[in-house]
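Here is a short report on one protein model. Look over the structure, then read on.

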Amino acid sequence: MKKKKTKGGVNYGKHGLLFIAPFFIAYLLFSFWPLLSTFYYSFFEYVTRNLHTTVKFCGLQNYLNILGIADGERAYFLTYLGNTLRIWILNFVPQVALALLIAAWLTNTRTRLGRGGIYKVLVYMPNIITAASISLLFYALLSKFGPIMSTLRSWGLIGATSDIMTSKWGTSLTLSFILFWMWYGNSTLLLIAGMMGINPSLYEAADIDGASGWQKFTRVTIPLLKPVLLYVLVTSAIGGLQLYDIPALFNTGNGGSLIGLPDDTSTTVTMYIMRLHASDTGRAAAVSVLLFIITLIISLIFFRAFRDDKEYKSLRAARRRRRGART
Amino acid sequence: MKKLFALFLAVVMTLCLLAGCGKTETPAPTTEETKSEETTEKKIPENTVTGDPNAKDAFVVWGWNTDFVTILEKVLPKYLSVDELSRVVFVNAGGSDYYQDKIDEILADPSNALYPDIMLLEVGYVQKYVQSDYLQDVSTLGITKDDLADMYSYNLDLGTNAAGATKALFWQATPGCLQLRADLAEKYLGTTDAAALQEKLNTWDKVAAVAKQVNEASGGKVKLLSGYDDLKYIFANGARTQAWYDKNDTLVVDDAMKQYMELSKTLYTDQSTFNTNMWGTEWAALKDGDGVNTEACIAFCGCPWYTYWCLTNTWSSNCILIQGPQAFYWGGTGLAATAKCSDTALAGKILRYTACDDQAMIDINSANGDFVNNKTAIAYIEANGSGTTSTFKCYNDQSIVSFFADKCEGINAKLAKGEDQKICEGLFPVAVTSYANGSADMNTAISNFKASVHDMYSYLKVG
């Protein structure tokens, strides 16, 4: 916000720029420049053989290779994207639903939960443990002869050869559950903050008009929660599409090879990037760029869906008026 | 209300602490294997540097564990002068999973103070470096063909490049075997005589049949093998007659590997293994099962370092070594001097006394129990006993050194390639599993495998 002292006073406007400069410098150096470099590298073909690397310009060939369009190449990117989306969607739909529910209960004055302080702590606790530890813990618990499976087997609830680690849906659902369990607390707290910003007199007005709980939720809470919900969804999309640490440690092949078992069905796109980066940097860069584009598209879809129509239309009308007045 | 809840949480926490101390009947998977612990450490460990790398005449050696340090401290002082020893700087990269990444980085940076003069290499990837320009031919270090005469030939092949120049020398020999648990062998195979057991398990058909029979006899509690994944080195490092790709860089799946896939499918369909993966927690737990309340396995794939250091107490005086259907090699560490080595004379000396000199290699065995790559030394150790600090003994005092002494013949290591490790340990097991559990037929599994190798190494063609 620029403060202008008129009539020969000192202009403090430039000081504001100085304050925000460090962030922008750091962003340009460490985020924007690498982003541009990645675009650049994706147009080259790297061949590393016996420690000797040759770099050759190949235009869009990397993209054609990973999308399976080129001759003799498989669409690995699409397969891994499918895996990632499957794990992410199965996680984020229940996550946001449960977060909305808990947030609604904790901010509702009728349920005697007070400020809900202790519940917020409990709900957030899974997030403070590192993802790597959680992943290994769940693997140890759910492995074929681990405690949970052995107990279920001795109770006769599951067959003698059933094994989550060799089942595609077993592994994917477990990964979705781990992600859900880790992040629902975060979403809940954000939605609670959002809900507290809603004027309670609106609920009272709705009560007077005879609205049911569900109608209050859908007609009052959700529309007014749109900005916060948009933030939750976009950050969940970014985090989910870039999922790496949990599947990379949960059920993978030997020797740290980033192959998500069983049969490569729990490999995510970022695991693929890490797998490629040592041998073919150009291809890894192409995968990163495609992932960026997909994340961008999904985020734009969310932005469009959660756009505040009235505000958007009034802004658009104001712009048209200004343009009309100028001509 | 809040106070009650806080008290409840405190009690739950204390109980959790105490539960960890209690005795557990079920064998919780013990991670005794250092390999599996290394893979859980996802944070890349720092290099540990002993010695002063900034000294003018510093001589830098790179490794990933303390094996070489034992040699440096206990054996080389007898053959190198104090001055020469004090120049040696040892850099421990922290683990074999990170070693290649770190060393590749530093090889590209010759001006770095830690640029390696000598580097340690493992069989899985030694060819990658031997075929590159980064290593020196040992003949330029003063090591002659005579010096190399006492080595087991398969080790020489592993350290030699396509042009015939030997660049890496191995001080360890690692011929493979099958290790059988004597008590379970007695119960389910009816004998503890090594020759009789070898007769029972000397072809793959017999192995599959015996596995099925053991499974049925024990009601599923005891099986012959822990998983078909255990057999991968026997086929990849022993039975193959063709390398993973030919001279036109076209990928080849050798008949032996197809036989491995068929065997895995048979074992899977008969349910005669536990389908574990090597170095996993379940695989480790199966070594210690008692066969009655908890699951156990009779046979594990092995080699000298495995027998000495990786078998648990359950196997002490309870282990029978047999060759099994095929001779093979498994692992082994060697060293090589880099092309930009700062002192070829010292490098030559270190290589000579670590990998060539008979007496030095006897000393190495005394110091760390390695099965050394020297026929004369092994003959001596066989006659006079090994100095290894490992207290492991086999059933009936079967001599471990005598057993392994002749198991190095007949190993063909000329097929090794730099990409072997990633192919054999990462990509091929996926194909084997998908064929074994029926989710793909043979042609699809092989074509998927070739596509994944081509994806990782784009210069290898699917053909």
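## A helix on a sheet

Which strands of chain B does helix 10 of chain B lie across? Helix 10 (residues 204-218) of chain B lies across strand 7 and strand 8 of chain B. It runs at about 170° to strand 7 of chain B. Such angles run from 0 to 180 degrees between N-to-C directions, with axes fitted as lines to C-alpha atoms, for helices over the stretch in contact. Helices (H or I, at least four residues) and strands (E, at least two) are DSSP runs, numbered from the N terminus.

This is a predicted model: local features need pLDDT of at least 70, side-chain atom pairs count only at pLDDT 80 or more, and totals for chains, interfaces and linings use all residues. Residues are numbered from 1 along each chain as its sequence is written, while chains are lettered from A and ligands numbered from 1 in the order in which they are written.

## The sheet

In chain B, 4 strands form an open sheet in the order 7-8-6-9, with mixed pairing. Two strands pair if DSSP finds at least two bridges between them. Strand 7 (222-225) and strand 9 (319-322) of chain B stand at the edges. Each has a single partner strand, so one side of each is left without a neighbour in the sheet. The twist averages 20° from one strand to the next.

Strand 6 (residues 177-181) and strand 8 (residues 296-302) of chain B run antiparallel, joined by 4 bridges. Cys177(B) stands opposite Gly302(B) in strand 8 of chain B.

## Chain B as a whole

Chain B has 20 helices and 10 strands. Its radius of gyration, taken over C-alpha atoms, is 24 Å.

## Two domains

Domain 1 (48-174 + 330-405) and domain 2 (177-327 + 419-456) make up the domain assignment of chain B. Domain bounds come from an automatic or database assignment. The centres of the two domains, taken over C-alpha atoms, are 30 Å apart. Their contact takes 18 residues from domain 1 and 20 residues from domain 2 of chain B. Two residues are in contact if their C-beta atoms, placed from the backbone, lie within 7 Å.

## Meeting chain A

The contact between the chains takes 41 residues from chain B and 32 residues from chain A. Helix 19 of chain B gives the largest share of the chain B side, 7 residues.

Conventions: Rg over C-alpha atoms; globule rule 2.2 N^0.38 Å.
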